[in-house]
Amino acid sequence: MDFDWMKIPYAFLTVFIVVNYGFLMGALIQKIGARAGRRHGIPIWQYYLDVIKNYGLRTSITHGVMFYLGPVFRLSGGVGLLLFMPVIYGSYMFSNFSFAGDLILALYFVFFGTLGMALGAGESGHPHAAIGVTRGLQQVSMAELPFAMAVFSVALQYQTLSITEIVAAQQGGMMNWTLFTNPIAVAAAMLAFLGSMMRPPFDVFIAPQEIPIGPPTEYHSSYLALMQTNRAIFPVAKIVIYMNLFFGGAGSWPELFVKVFFLYLFSAFVGVCFPRFRVEQSIRFFLVWAVPLGVLSIMVV
Amino acid sequence: MTTKPELMKRMVKGPDGLEFEVDPLRDYYCEAPPTVMPGAYIQIVEDFFNWARSKSLWILGFGTGCGAIEMRPLMTPRFDAYRFGVAWRPTPRQANLFIISGYLSTKTLKRAIRAYEQMQNPKYVIGLGSCTINGGMYWDSYNTIKKLDEYLPVDLYIAGCMPRPEALLAGFEEMKKIIRTGKAEGANQYAENFAWYKANQKRVIHDWDMPDYNW
Amino acid sequence: MVKRLVALALLAVFGLVFATLLTGYAPDAELNQTARYYAERTAADLGAANIVTAIIVTYRGLDTLGEVTVLFLAAAIVGLVLAEGAHDRSRMRPPVGELLTTGTRFLVPMILLLGAYVFVNGHLTPGGGFQGGAIIASAVLLMLLADPLRHFSHRLISAIESLAGILYVAIGIAGLFLAGGFLDNRILPLGNLGELASAGAIPLIYSLIGLKVGAEFSSMLASLSETEEP
Amino acid sequence: MVHVVMATGFLLILIGFYGALTHRNLLRMIVAFTVADTGVNVVIVSVGHMRGRSAPILDRAVAAADAVQRIIDPVPQALVLTAIVIGVGVTALMLAYAWRIYRQHRTLDIARLTALKG
Amino acid sequence: MVINALHILATGLGAAFLTGLLDEKRNGLAFMITLGALAFMSAVSAGWLVLFAATGAHPMDIQTAGTPPPFAIALRMGLAEAALLTLINLAGLFAAMHMGETLLARGRRAMAVLLVMVMALCGLVLTRDLFNLFVFFELIVIATGGLVLLSDDERAVSAGFKYLIVSQFISVLLLVGIVFGYHATGTLNIDGMAEQGSGAFALAFFLILIAVAAELKPFPANGWALDIYESAHPGFAALFSAAAASAALFAFDKVLAIGGAEWLPVATGIGIVSFVAGNLLALPQTNDRRLLGYSSIAQSGLILVAIGQQDILGEHYLFIAGGLLLSHAVAKAGLYWLSGFVAGRELTDWAALRQRPLLVLAFVTGIAMLSGLPPFPGFYAKWELVHLLANEGRLALLGWILFGALVEAGYLFRWFGYAIKRESAHTIDCPPDRVIPVIAALLAGWALGFAWGELSGRSNLLLVLPLLFALAFLLLEWAPAWLKNTLAIGGLSLYFLQTWQDYDPLRLIFLVIFTLGGAIIFLASFHAHGRRIGFYPSAMTMFAGMVLLLQATDSFGFFAAWELLTIGSYFLILRGKESEPHALSYIVFSLGGAFLILAGFAIAAASVVTLAPSGAVSPAPTFEIASLATLAQPVAPWVFLLLAIGFMTKTAAIGLHIWLPGAHAEAETDVSPMVSGVLLKAGLYGLFVLLMSMGRQSLYGVDLVNLMLWIGAITALLGNLMAIFQEDAKRLLAYSSIGQMGYALFGLALMNHLGWLMALMFVINHYVYKSMLFLSVGGVAKRTGTRAMYQMGGLITLMPLSFIATLVGIIAMSGVPPLSGFGGRWIFYNAIMDADTRLPMVLIFLSGPIAFLYLFRLIHTIFLGQLKDEHRRLKEAPLSIVLPQMIYVAILIGVAIFPGLILRRVDAYISQFLPDGALNWEGLTITSQYGWWNPVAIMIVVACIFLLIFGWLLFVNRKAQKVKQFNIVFSAERPYRPETTHFAWNFFAPYKKAMGFLVQPFVTRFWGAITDLLHTAGDLGRRLYNGNGQIYAFHFLIFVVVVFVSQLGM
């Protein structure tokens, strides 16, 4: 088959844009959160400084091979997820490697980084890491369910698994967005979205003062820097999926920036308003509120 | 030296019937001593890193003494230390700045040493309050230490009993200057004078139940 | 009490069955085919005057062989069971009366003779090997009554018994080769109806049966007499 | 007439059965069975009986030629002999067993011989 | 050249009389005479048997007294008679040998009694005269009374007396019946009576019939017989059960001929009640001989059923009844003789047999024969019987027969489990005179199996190459394990090479897994030392069963293969250390499933035939599997239901799954992958075949395939959910298998193209990663000596290869790209797009992430976390265990990159059945109508990104200090000990709080309640037998009355 080698620089470009956007947007959201607490909050470029500092630390330790590879998996997961999706609708330049697979690939590739991270954290031998991982897995297992159903519902609605085609079907005005054509599925998916954003009330798995930040408790220096980089890319990539599926996708970078920002803000908004759930509470929450919505969305589509 | 049973050497029988000795201190802990870590080879890169380090001070959230009470207001809207790139991290692995907040009992000293050694180079120590300087009101206490820099390489003292949060903020700014000028090499000092520090530490800590350097 | 009631209830059902059989029973006016055959053909075919004997010894000879085997078995098993109880013979018993002793001496030969007569004439008159054998055994019983400590040779008894049995079987097999089939009495000439030496092998077989039955009963009696009070 | 005999036979069987079912003493049970056996024998003989005929023995009284009209059915007579002998054998065997049981267990009560069950 | 049958009787009698001539002291000579006579009798009867079998001659009447019947007693010799006589005489001969010591001690009288017994049994078979029958019966009664006394057990005396009591009642009834029968018909000849029919003397005939029936020890009139079975000398009990019961059954058959067809239901009724009740009562037994006694009663009942059904069995009557009878006789004789070796009377004492593998073989042969397993006659007979019953629509009877058979298999295999797994303090010695009878029974069993195979008119299982190959390992047991292992691998590979062209792509996939897949797992078996007795015959039988399953085109071949693989795998599973109860529940569930399949086939056969082209006169009990498609309403859905449940038992669908976790978890290291990775696929194959031929079916408006869809989804969810709460690594994997099979079932039940493709993908993937994981975990368990995951931890550095295998396994299994599991998920999503029912998807969606949970637990708690003191010096698992894992890793990656290699052809093949929705395999991209997927691109992209980032990290982080396991930040403290630092126990506690209500052991409780119910029923039944001989007499009379009343009612 012919491979268009230009896709490689384009891919780098995509990653570059998203990293920067991710750092800035993250800090902005942080500042907005701080404003809710009547603080000024961090400087807007703070995340850059943190990453540079962490890359600049002179020592590091390793607990073993998997520990070493954990952050690599994590970042690969984020970058891969981003690159397996057509980020900008209608743009060949930013469709990257979406020829390799469709929506399903994206959905399952989400777990690539999670799995690697979990293994790396596991090898550190720290019980808090393991506790954090188990909490996260348990919570996500139920949070994913309404999302999976919503995706199924949307796929049924548009009779395709191709992200591009789903976005294409939503073009031509806001009222064509899935948000309005299939509101139940979107409601279910947005509840699931909250569960996957590592923000309150669903952040018990990193509970900083209980199990000092859970899985990454042993990570530092450049490992941590990689993970911070991923923290910039991964949420954006994930939100891009939601955006594409439910909110009409993005035809240009600015549109993407705006939509992602508001989606991110949604989770931050909920996060500053609500306290933290215990694991079984959040499982029950999803089971009671989100899952029925998901079932309904499958049934009515 | 150690009397803790869990650290004593013991004979263990494996599932295949093989008997062998387990020495916890050797088998469960890394024995390597700390080394002096030079900065980046190109000075400008090192300066760049120092600048970033000074802008991103991650404090280990470990309140060793009564002074810790003065650190909490820093997170509040009134002082809002986050503005200055100061943040708290729950784990020493990710922290760069260790604030010894007041007196250190020998018991706490042991924990403080562990936590300090688990931080990554470069790492900084700020002594908070008089107790860390000369023992303060505990100067003749039987179980607190008097001069912190005999045990850990202190970069900066913030005097007072207690120093107010404003003083702390000022201290952070001072710390940033030290870092930016490349003089905050406490970790390397510690590695250089490792034997001396250890001797001091072991002099006051009688139940030394850990390896010499806690990686 | 419950047991009795249940037993009565069950037996009531059986009574019903039997009553049905009884009321449904009507005696034959004519002989049925089997009986008719025997009535018509026995004399001619087997030369036996006593049809019952002919049936027992020849027509249903296999049954009879089974019968003597039953007795043989019973004797053997009784011997087997009682063997462990064979008592110490040295023990003394009170003497029996003079009358019995003398009477025994007088009667035993006559009884034996009668027994022999009965089985030898089995094919002519009522009676036969079983009856004769039983009569012979009663002589043994009499002797035992007269002298409880009297010892009978088990070896002899069992030799008679076994020999008679083997001969019986051998005659049966001889029938297979020399006549029409197993236990066919026509291996010997039939003679004239009503004479002693008639009916082929029937008198011979019946004699053997008589001896055998006598021996078997005697064996059982002897075993019992030698057995200790339990 | 035949019916009376036969009824007697059946009655004996029932009496024997009843005895065997209700008496727990082994010897009594054996006696009961003897009664029942006798009943059976009576029944068998009565089945072969035919009114006004004589025993199936050919002699001067009954000539071979008209035996068919003169004699009763000989078969039950033959059967009953066998039945009697077998009854004797079984009775002897049961008595021997009773002796052996008494020797072992010092009891003749059937209800106490329950070492084997279930 | 044959000798007159009368010589058999004459010899027996003559020899008996002859012993009386001998001196009391010459017991040795008497014994020689006894043996000689019995041998001669056996030879004569065997001669007749050969004559009849070879020439097919008609039965021959033998006159006595030179007078034709009915005027004199006549005997008859035919094929059945000759076979029975051979059986009886040989049983007598070997019983004499077995009892040799006792006979010599008790003297010539005892020998005479034995001779008369055998002679009388022969007479009972031969005679055609009713009264003569009575005489022989009485002889048997008296001889039995004598032989019972040979026992060392003092209780035997009272047992004998009880027997005599009841036989007195029997003989009275019999005599009354005979004489009235004679009166009514004027004859005593059975044939003569039969000509006239029993109409005229129905009541008398009833008495005769019931008396003869009572000799068969029907339930509940059989207390005395059990006491005899329990207390008699085992040599005699063998004779009593094998020969006496057979002869009595034959006598019953003869007598029944008088009554004609209207009396057949009586026989059937008595038979089926005895069969079921006998088996139920055997269930709570702990005494071996009493258990065998109950089993004898049950088996007699079954044969009685066959006798009662002779009107529909037609020409197969002898084949069926004979097969059942000979199976029972040979097996029961063998087992009783075996019990002579065992010193204790508890079932568990049979563990002593393990000291002699040959005896174990004899034991297992006996049990297999009794349970009607292939390749023994009972199997063929059961097959025919069930088919003929179904053909006549006698389904209730069929159901009861199968139920009874299942209960029987249950207690027999439980017993076998005791023998294999329990400990016994006793030792056994094997004097040749007692071993010979057992060996004779063993050989006779196999010979009969061969004979019945030949007679069956189907493929003789003992001539089928794969099975022969498996059985050949029995002869190789002396050889070292490595040699046998090499042979096994060679055999499997060669078989594949020889036959692979013959299969369509779908079957080819199964063939690859069954043969090459098995061969790869066998590589792991090289780790075993010594001879490993019993392993190879069992394993190869299982594999033989599986390849035969693929070969099978007709229902018989299919079912036989199914049974073979079930038995083979049972023995394999039983080899595990703690696997006894689990192996039992495995075999019970499997046989239950197999019986459902049998019933399904039988019912289908009845209808398939009616659709077949005319010309078929008698129903052919076998049909082409493919012709299941021709079934019509209303039979089709029922057949579908039965077959589906049968197959789903094997795939452990929820509700039928409780056997799996224990069976797979407790099995040996290399057995677990065989039974999990390979064997489970047999069930899926069955489902494939079923759905391919029958398609959708609905019953009362319920779409059964839809029901399967739900079952699959629930199974997937609950299997996975249960897996996450396991502390035992292998149990976790076992539960995971349940879930995975649920997925596959779900895929099949989608009934669309991609659903099937997904199921096939699961077949392949599940084989690879489950085998790999089981081997990996097995290797770890072998090294650490435990399977509890919380006791492990931190093994990654010590066992890196096992870790890699596990890692690749869990990535593949969880469906994360780029490994092969993703392909399955992708196909799954495309498949459900076409599905009609959407709700079950919810469950599947949920079970996916849950799988993630237990997989993480598996790898974390074993390989990551804290290493324990005692594990510090562990070595990597043996090479032989690691090597196959590495092969699997290679396969997984290969399949991940080039799934088309296999799937493409299957895709095309499935199109024959479900043409819509086939995938497009153009280029490297796989396209469906909804989406696409390019495995190569995924692999390359992921690898590039990963390597790039990895390189960057290596660059910036080049000076990382390697630290040890306690160098963790621990809130400024230090860890206490590894055990307290390893987070592993109760790993997913919050999940239990939230979802625990779903994993309450409802199903286990349900089946527990069922078994309790059966046991309670059995226990209540036992109370009937209170040991009082008089009560037994009551039982008999009540039995007579009940039969009488019910006969009146009819």
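Visitor: What makes strand β6 (residues 124–128) of chain B count as mostly covered?

Guide: Before I answer, a word on ground rules: this is a predicted model, in which local features need pLDDT of at least 70, side-chain atom pairs count only at pLDDT 80 or more, and totals for chains, interfaces and linings use all residues. Residues are numbered from 1 along each chain as its sequence is written, while chains are lettered from A and ligands numbered from 1 in the order in which they are written. In β6(B), 5 of its 5 residues are buried, so the strand is mostly covered. Helices (H or I, at least four residues) and strands (E, at least two) are DSSP runs, numbered from the N terminus.

Visitor: How do you know that both faces of β6(B) are covered?

Guide: In a regular strand the side chains alternate between the two faces of the sheet. On one side of β6(B) sit Tyr124(B), Ile126(B) and Leu128(B), on the other Val125(B) and Gly127(B), and all are buried.

Visitor: Which strand is joined to β6(B) by 5 bridges, and what makes that a pair?

Guide: Two strands pair if DSSP finds at least two bridges between them. Strand β5 (residues 97–101) of chain B has 5 bridges to β6(B), so the two pair, and they run parallel. Ile100(B) stands opposite Gly127(B) in β6(B). From β5(B) the chain passes through helix α3 (residues 106–118) of chain B to reach β6(B), a right-handed β-α-β crossover. The word right-handed means that, with the strands pointing away from the viewer, the path from the first strand over the helix to the second runs clockwise.

Visitor: How many bridges join β6(B) to strand β7 (residues 156–158) of chain B?

Guide: There are 3 bridges between them, and these strands also run parallel. Here Ile126(B) faces Leu156(B) in β7(B).

Visitor: Which chains share the most contacts?

Guide: Two residues are in contact if their C-beta atoms, placed from the backbone, lie within 7 Å. Of the 6 pairs of chains in contact, chains A and E share the most. Their contact draws on 65 residues from chain E and 69 residues from chain A. On the side of chain E that touches chain A, α34 (839–863) of chain E is one of the elements supplying at least two residues, and α34(E) gives the most, with 11 residues.

Visitor: How many residues on that side of chain E are nonpolar?

Guide: The side of chain E that touches chain A has 44 nonpolar, 16 polar and 5 charged residues. Ala, Val, Leu, Ile, Met, Phe, Trp, Tyr, Cys and Pro count as nonpolar, Asp, Glu, Lys and Arg as charged, and the others, Gly among them, as polar.

Visitor: How do you know that chain A and chain C have no contact?

Guide: Their closest C-alpha atoms lie 64 Å apart, and no contact joins them. Chain B and chain C do not touch either, with nearest C-alpha atoms 61 Å apart.

Visitor: Is Ala652(E) buried or exposed?

Guide: Ala652(E) is buried, because it has 30 C-beta neighbours inside 10 Å and the cut-off is 20 or more. Ala652(E) also has a positive phi, about 60 degrees, although it is not a glycine.

Visitor: What is the peptide bond from Pro200(A) to Pro201(A) called?

Guide: The bond is cis, with omega near 0 degrees.

Key
Buried ≥ 20, exposed ≤ 12 C-beta atoms within 10 Å, placed from the backbone.
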